[in-house]
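This report walks through one protein chain. Please look at the sequence and the structure before reading on.

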Amino acid sequence: MTTGRLASQLWRIGASTAHRAEAGRIRSWALALATALLTLAVGGLAVTDASFDGRTQRTLERSPRLTAAYPDEPVRALWRWDPAEADGLAYDVIHLEPLTDRLTPPPGLPRWPLPGEAFASRALLDASGEDAVAAQYGRLAGVIEPAGLEAPGEFLVYTRPTAAMLDRSVMQGISGFGETTGTGVLGEHLHYFGKAEFLAAYAGFVLLPVALLVAIAVRTGATARDRRTMLLAALGSSRFARACCTAGEAARPVALGAAAGAVAMLPALIIDIPLPSTTFILAARDVRAAAPLVAGILVAVPAAILLVTALAQPRRRAQATRPTAVRTRRATWSLWLFPVALLFTVRVVDLAPPDTVVVLYATGYLLVLVTLPSAIGTCVSLLGPHLATLGYRRGAAGLLLAGRRMAAAPHTVTRLVAALVIAIGIAVQIQVWTASLTAAGQGAVDSRERLGTSVLRVAPYAEPAKVQAFHDALPPEVHALAVQVHAEGKGQVALVGDCPALRELRISCNERPQPISFATSESRLREYLGGVGAADGMEVVVRSGDIAQLAAAADAGRELVLFGTGGQQLPLATLNGVAHRHLAMTARVDYVLNGGGLGKLTIAAGWLRLLSTAGITIVCLSAGIGAITDFLRFGRELAPLSVIAPGRRLYGAVAGWSLLLPAALASLAGVGLAWWLAAPVRSVAPSDPLGLASLTSGALVCALALTVWGAATALRAATGWRPGGD
């Protein structure tokens, strides 16, 4: 028989045994699921890369060509960028003033806005409302087209100041739009996080759990399949022939999984897809740009899984024609890599450059999670002979059998605890990162919850005529104070306002400066003063006067603060519009504590919830599949003992020692090491260590549940066992 015919026949033999083999149906479904999820996970990497590249390209196309950087190009327009915020999310406001009609407007705009007009993105209009956007930036001239947006869900505004508010001194000259290098000077990517940070989180929360699922699926029902492989070797088959048989067994479920993954990715090629728990909308045009690479992935992933199934077989050459128990050489690379990865991860913050810390930390953390199960399995296998000896001396059959089993099959322990360890690692990272994100912006969040918009800061402080015009345009229920903050020495905060405004804050009206106590001041004023640093011992003085006549000082900053009558909430959008029309084209009305990074924290927390939910779901699937197959094998191994030990105590004892002990050790080691590895994150924002108690308890409960499940499976197998010819 030729090699080709033999390989084809062995492929068909493998395919025919797919469902009849031990745990065959479970393995088929596990392989299909693992292939589908790996296709989606690796395809997600390609789509992520294309999305970042597409967003960068669109941002470059709309970025201004500043004449300061291109002095040989003429000034054809004036340009100005300012930050703004809506629903806690930062976005860009672009002020434009064309100097010639021949210059093409930025991408996404059908024409230049007229003085007092604005174009806004659809996402911003939907989030804030068209009336609110128009109230802030002027008459709404239209919607920015998708070609001018970094992503479909981006918040963006183009506005043109009126002739009265146009301030050329704060604007930059540009020759047009379209950069060729860098990442652009505006865009939502500048407000949030970069590609490296996202890929680090993606690798830890998605790729690692999927890799675990693939490993478990490939080795499901491995004992009987390894015996068959050794039999083929004893009959003289080559390694290639044995690989064909193994791959033939896995081919159909792998193909089914690849097809399912392709179907799941198909909608993203057609429509823009909003991702749950985040504000991000995946652009179909970016996915289509990655279509050739995704097509390659649809072929490469199934081929890689078939290759892994073929390579994950015993390689020992048969020394006899009789099938024997498979004994493979234990891999030791994980044992020496584990302590290295452990120390590296904890020390990476002190050793690595700041811009690489996140990626290197994630890499080290992944290596620890990958190698920890093997280290635990090795420790348990070393402990097994001692437990067997102890069981022999004490006449404890359950301890004797468990010790022998643990020593002979450490790989079973490794598979059992791998999912548990990775789940614990993900859970601890979720806890510490959530705590750090919360702590980073908690002051601003708490301030907004206490005050809302009852106190607002306004900047910049403009020339007297414009400050007076702004003050005159305020609604009657809004009071304004002018503030000057001196930074020299201990510092001083000077407040100036008319008598109604001072009385609103329970301050007597006096033209002479009078000191007031920070601790006993009115609650809204105290909150504002804390925001400008007065809580640190700065002197606070107040006098009545004209807020438009606050003298400038070289060492002091000036701004306005607004209070509502009776503590009522102020209309933020309306006041922003008043400031833009009367105070300055760059004016901004904002909360007492802006917390500039709240939008970034909100987005990061949303992505963390999405990725961690996906990761934990995949880990749970891995744990369930691994437990089912291991318990089936566990039950078959203990079933013959029903002849000499018909009671239930033996099965419970063996399950307790061989399942509960490794799972409990893995739980405690996983929680302790994961918490220790989180030290770099906790050094930024301390987390509550009491959270470990619930996490540890949950892990131990899972370990106990696995033990009960395994004992029940063994007991059922023993009840129906009959002697066979195996």
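The sections below go from the whole chain to single residues.

## Basis of the model

This is a predicted model, in which local features need pLDDT of at least 70 and side-chain atom pairs count only at pLDDT 80 or more, while totals for chains, interfaces and linings use all residues. Residues are numbered from 1 along each chain as its sequence is written, and side-chain values use heavy atoms, with hydrogens and water left out.

## The chain as a whole

The protein chain has 21 helices and 16 strands. Both are DSSP runs numbered from the N terminus: helices are H or I with at least four residues, and strands are E with at least two. Of the 726 residues in the protein chain, 51% are buried. Buried means under 20% relative accessible area, exposed means over 50%, and partly exposed lies in between (1.4 Å probe, protein chains only).

The protein chain exposes about 33100 Å², and carbon and sulfur atoms supply 62% of this area. Accessible areas come from the Shrake-Rupley method with a 1.4 Å probe; for residues, only the protein chains shown count as cover. Among contacts in the protein chain with a separation of 6 or more, 79% are between residues 24 or more positions apart. Contact means heavy atoms within 4.5 Å.

## Helix H4

Which residues of helix H4 are buried? In this helix, residues 130-137, they are Ala132, Val133, Gln136 and Tyr137. They lie on the same side of H4 because they cover an arc of only 105° around the axis. The arc is that of the directions from the helix axis to the C-beta atoms.

The buried residues of H4 pack against several elements, including strand S2 (77-86), strand S3 (89-98), helix H3 (122-128) and helix H17 (572-582). After H4 comes glycine 138, which has a positive phi, near 115°.

## Salt bridges

How many salt bridges does a search of the whole structure find? The search finds 15. A salt bridge is a side-chain nitrogen of Lys or Arg within 4 Å of a carboxyl oxygen of Asp or Glu. One of them joins the side chains of glutamate 97 and arginine 160, at 3.2 Å from N to O. Glutamate 97 is in strand S3 and arginine 160 is in the loop between S6 and strand S7 (172-177), so the pair ties together parts 63 residues apart in sequence. Both glutamate 97 and arginine 160 are buried.

Another salt bridge joins the side chains of glutamate 527 and arginine 450, at 2.5 Å from N to O. This pair links distant parts of the chain, 77 residues apart: glutamate 527 is in helix H16 (residues 523-531) and arginine 450 in helix H13 (residues 410-451). Glutamate 527 is buried, with a relative accessible area of 17%, whereas arginine 450 counts as exposed at 53% relative accessibility. Aspartate 590 and arginine 588 also meet in a salt bridge through their side chains (3.2 Å, N to O). Aspartate 590 counts as buried at 10% relative accessibility, and arginine 588 counts as partly exposed at 23%. A network of salt bridges links Arg122, Asp126 and Glu130.

## A buried lysine

Lysine 466 lies in helix H14 (residues 464-473). Lysine 466 is buried but has no salt bridge, and the nearest side chain of opposite charge, glutamate 463, is 4.5 Å away. Lys and Arg count as positive and Asp and Glu as negative; His and the chain ends are not counted. With neighbours within four places in sequence left aside, lysine 466 is in contact with Ala164, His582 and Leu583.

## The disulfide

A disulfide is a pair of cysteine sulfur atoms within 2.5 Å, and the count by this rule is 1. Cysteine 499 and cysteine 509 form a disulfide, with their sulfur atoms 1.7 Å apart. The torsion about their S-S bond is about -45°, so the disulfide is left-handed. Cysteine 499 counts as partly exposed at 25% relative accessibility, and cysteine 509 counts as partly exposed at 35%.

## Phenylalanine 193

Phenylalanine 193 sits in the loop between S7 and helix H5 (195-218). At 19% relative accessibility, phenylalanine 193 counts as buried. Phenylalanine 193 and isoleucine 603 are 410 residues apart in sequence, and their C-alpha atoms are 8.8 Å apart in space. Leaving aside neighbours within four places in sequence, the contacts of phenylalanine 193 include Phe52, Phe198, Ile603 and Trp607.
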